[in-house]
Amino acid sequence: MRVLGIETSCDETGVAVYDTALPGAAGLRAQAVYSQVALHAEYGGVVPELASRDHVRKLLPLLRRTLAEAGLGVRELDGVAYTAGPGLVGALLVGAGVARALAWALDVPALGVHHMEGHLLAPLMEDDPPEPPFVALLVSGGHTQLVAVDAIGVYRLLGETLDDAAGEAFDKTAKLMGLPYPGGPQLAALAAEGAPGAHRFSRPMTDRPGLDFSFSGLKTQVLLAWRGSDQSAQTRADIARGFEDAVVETLAIKCGRALDAAGSGVLVVAGGVGANRRLRERLHAMAADRGGRVCFPRPELCTDNGAMIAFAGALRLAAGQHDTAAVRALPRWDM
Ligand code: KG4
Ligand code: ZN
């Protein structure tokens, strides 16, 4: 099956074609992502109405380019998958509307995919993919969740953030330290210049049992440390390092607990924060200590993209699932 995937849940327009005849990442016939980061930068965050309008402008040209790169005519598609939620409703509607219309015109099935299931299954495109059951850490700008994956499509929530998501904590902390939007990767780059241990922040909720997270207090700790400091370039880097270490260590502690609780040795990490180098290193070490392993998608498949939606959609469509003709756009949707 050749499945088109469309992602428009936030500020990235993603399109890809996944072919189930080929294994893993080889099935990815073509993919393209257009990022709206520059459009939203001057507002310091995503402006929903601007996001929707830009998806309208970019989606069809991106679709044409992706099909040309895949060497496929539109009539050679066997199905269309789109992100049905969660996300910004106006942005979701653009992808859902185009996907539905295309599927109807081509007389092929369409399927609304859960954005986080897309992230969660993305590591399965890599070589030597993990087989369920395993534990997944979903860390993006909107979510921080630990999920037990019993089978593809059978998920149990083990724990989640009670306030800010990990990526949101990175972005908000970066903003209050005067870094430009989007702050997560910038803060991580700054942290690389910082001295470990120069500033130590707490590891929230690790002093009690449980798999939930809370990151909103960390930004206040950072703010107080920054205001009370000499505000030199080195201090800024040291504080960034302290913040990054706190988030990474907290995630590693909870992932270790989740593996132990699930009796699993395999951790799969997905979502934008999964691109963080120090998190990758720390989780590799944590899994190795347990004789297990951790699987990440390549960095470009960590952040929002159409490939993960094409892939998740292809797995479901190939298993015979599809939706009714309704256009689905669900701003809130439990996986
Ligand atoms: O999954 P994603 O692309 O979008 C959704 O939120 O669904 O994740 C974006 C988040 C942002 O908060 C961004 O700051 C964060 O991932 N991020 C990072 C890094 N790269 C992206 N956070 C820390 N270190 C990074 N290298
Ligand atoms: Zn995402």
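The largest nonpolar core has 101 residues, and those with the most contacts inside it are Ala81, Tyr82, Ala136, Leu267, Ala310 and Phe311; such a core is a set of buried Ala, Val, Leu, Ile, Met, Phe, Trp, Tyr and Cys residues joined through C-beta atoms within 7 Å. A residue is called buried if 20 or more other C-beta atoms lie within 10 Å of its own, exposed if 12 or fewer do, and partly exposed in between, with C-beta atoms placed from the backbone. This is a predicted model, in which local features need pLDDT of at least 70 and side-chain atom pairs count only at pLDDT 80 or more, while totals for chains, interfaces and linings use all residues. Residues are numbered from 1 along each chain as its sequence is written, and chains are lettered from A and ligands numbered from 1 in the order in which they are written.

- Leaving aside neighbours within four places in sequence, tyrosine 82 is in contact with Ile6, Gly95, Ala96, Ala99, Ala110, Gly112, Val113 and Ile309; two residues are in contact if their C-beta atoms, placed from the backbone, lie within 7 Å.
- Alanine 136 is found in strand 6, and it counts as buried because it has 29 C-beta neighbours inside 10 Å.
- With neighbours within four places in sequence left aside, alanine 136 is in contact with Leu120, Val147, Val149, Val268 and Ala270, and its C-alpha atom is 12 Å from that of leucine 251, which is 115 residues apart from it in sequence.

**Two domains**

- The centres of domain 1 and domain 2, taken over C-alpha atoms, are separated by 27 Å.
- Across the boundary, 11 residues of domain 1 are in contact with 16 residues of domain 2.
- On the side of domain 1 that touches domain 2, helix 1 (37–41) and helix 4 (115–121) are the elements that give two or more residues.
- The residues of that side of domain 1 divide into six nonpolar, five polar and no charged, where Ala, Val, Leu, Ile, Met, Phe, Trp, Tyr, Cys and Pro count as nonpolar, Asp, Glu, Lys and Arg as charged, and the others, Gly among them, as polar.

**Around ligand 1**

- Ligand 1 is surrounded by 19 residues, the closest being Ser140, Gly141, Gly167, Gly184 and Gly272; a residue is near a molecule if its C-beta atom, placed from the backbone, lies within 6 Å of it.
- Helix 5 (166–176) and helix 6 (183–191) each supply at least two residues of this shell, and helix 5 gives the most, with four residues.
- By class, the shell has seven nonpolar, nine polar and three charged residues, and at least three residues are drawn from each of domain 1 and domain 2.
- Glycine 141 is found in the loop between strand 6 and strand 7 (144–151), and it is buried because 23 other C-beta atoms lie within 10 Å.

**Records from UniProt**

- For "binding site", an unreviewed UniProt entry lists Leu138, Val139, Ser140, Gly141, Gly142, Asp171, Gly184 and Asn276; such annotations may be inferred rather than shown by experiment, their positions are given in the numbering used here, and feature names are shortened.
- For "domain: Gcp-like", the unreviewed UniProt entry lists residues 29–311, and over those residues the chain is 48% helix and 17% strand, with end C-alpha atoms 11 Å apart.

**Backbone details**

- Most residues other than glycine have a negative phi, and most peptide bonds are trans.
- A cis peptide bond joins proline 132 and proline 133, with omega about 5°, and another cis peptide bond joins tyrosine 181 and proline 182, with omega about -5°.
- Aspartate 107, in the loop between helix 3 (89–106) and strand 5 (110–114), has a positive phi near 60°, and it is exposed because 7 other C-beta atoms lie within 10 Å.

Methods: Domains from an automatic or database assignment.
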